[in-house]
Amino acid sequence: MITFIVIVVLALLLVWMTVKVVPQQTAFVVERLGKFYGVLQPGINWVIPFFDRIAYKHSLKEKAIDIPEQICITRDNVQVRVDGVLFLQVVDPQRASYGISDYVFGVTQLAQTTMRSEIGKIDLDKTFEERTTVNQAVVQAIDEAAIGWGVKMLRYEIKNITPPQSVLHAMEKQMQAERERRALILQSDGEKMAAVNMAEGQKQKVVLESEALKTRQINEAEGQAAAIKSVADATAESIKVVAAAIQEKGGMDAVQLKVAEQLVQQFGNLAKSTNTMILPANFGDMSSMIAAAMSVVKQQK
């Protein structure tokens with residue numbers, strides 16, 4: 001009975017040592033008699049007990065490695081504290097096992113040194129603007145150095161850039177001054193636009209007023225011309241009627257009578273307007289004066 005139990009235990013132990021179950025996205029590196037033999041794929045795999053052993057186990061998933069904070073000096077000699085996070089993935093389990101003793105430590109140190117080098121190439125003001133450029137430079141530098149490590153650098157991201165307190169205070173003052181400058185510029189631009197709009201409106205007002213005045217003067221001139229023409233036409237028509245009346249029988253007698261009435265009326269008006277009058281020598285002879293006036297009418301005829 002005891003012998004049977006021992007045999008069963010040994011059989012189970014032999015199966016346990018022979019069968020290896022590899023999880024998904026995991027790679028087991030097998031050594032046979034101390035030498036690299038192969039990489040077990042996910043699923044059930046068979047090994048030779050006492051000859052084969054699992055030397056390394058690697059996860060093929062993407063890893064996020066925290067890069068500790070370090071002090072970097074910018075091109076304008078300002079010390080800043082920079083930390084980040086690095087994303088990598090094992091692509092060759094054999095090289096990750098035998099290319100370097102600890103690839104995580106290696107890429108961490110390489111990321112720190114590369115970061116110090118890249119920060120030293122730019123000024124403090126550019127460190128916040130050039131994050132993407134710096135991240136790409138770190139990934140490229142690590143990829144070139146880690147060719148034999150069996151890992152692939154996917155991306156690197158800077159988490160924080162912390163300048164000294166004195167520099168932070170100076171930057172705050174600079175940003176405040178910049179905001180005030182922009183506010184003044186916006187205010188002056190607004191005042192300028194308002195002045196331009198007012199001037200443009202005044203200009204349009206003057207133009208419209210001048211056009212209105214011009215139109216008014218044209219209309220008035222046309223009205224006056226029309227009125228003068230109408231008066232002239234009426235006068236001409238009345239003269240034609242008078243001339244036609246004179247040609248008829250008794251016309252000259254009527255003219256003579258009208259001249260006498262006008263003469264007497266005008267001298268009467270003179271008497272009303274002034275106390276002193278200068279009369280012609282023949283004023284007493286009214287018939288001679290009427291005859292003189294009629295001679296003028298006949299000459300005009």
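Strand 2 (residues 26-32) and strand 3 run antiparallel and are joined by five bridges, where strands are DSSP runs of E with at least two residues, numbered from the N terminus, and two strands pair if DSSP finds at least two bridges between them. Valine 30 has glycine 38 of strand 3 as its bridge partner. This is a predicted model, in which local features need pLDDT of at least 70 and side-chain atom pairs count only at pLDDT 80 or more, while totals for chains, interfaces and linings use all residues. Residues are numbered from 1 along each chain as its sequence is written, and side-chain values use heavy atoms, with hydrogens and water left out.

These strands belong to an open sheet of three strands in the order 3-2-5, with antiparallel pairing. Strand 3 (35-40) and strand 5 (52-59) stand at the edges with a single partner strand each, so one side of each has no neighbour in the sheet. On average, neighbouring strands of this sheet are turned by 25° against each other, direction ignored, with axes taken as lines fitted to C-alpha atoms.

## Salt bridges

Twelve salt bridges are found in a search of the whole structure, each being a side-chain nitrogen of Lys or Arg within 4 Å of a carboxyl oxygen of Asp or Glu. One of them joins the side chains of arginine 32 and aspartate 52 at 2.5 Å, N to O. Because arginine 32 lies in strand 2 and aspartate 52 in strand 5, the pair ties together parts that are 20 residues apart in sequence. Arginine 32 is partly exposed at 26% relative accessibility, whereas aspartate 52, at 11%, is buried; buried means under 20% relative accessible area, exposed over 50%, and partly exposed in between, with a 1.4 Å probe and protein chains only.

Arginine 81 and glutamate 69 form another salt bridge, with their closest N and O atoms 3.7 Å apart. Arginine 81 lies in strand 7 (residues 79-90) and glutamate 69 in strand 6 (residues 63-73), so this pair links parts that are twelve residues apart in sequence. Arginine 81 is partly exposed at 41% relative accessibility, and glutamate 69 is partly exposed at 44%.

## The protein as a whole

The protein has eight helices and eight strands, helices being DSSP runs of H or I with at least four residues. Of its 301 residues, 25% are buried. Among contacts with a separation of 6 or more, 64% are between residues 24 or more positions apart, a contact meaning heavy atoms within 4.5 Å.

Note on methods: Axes fitted to C-alpha atoms, helices over the stretch in contact; angles between N-to-C directions.
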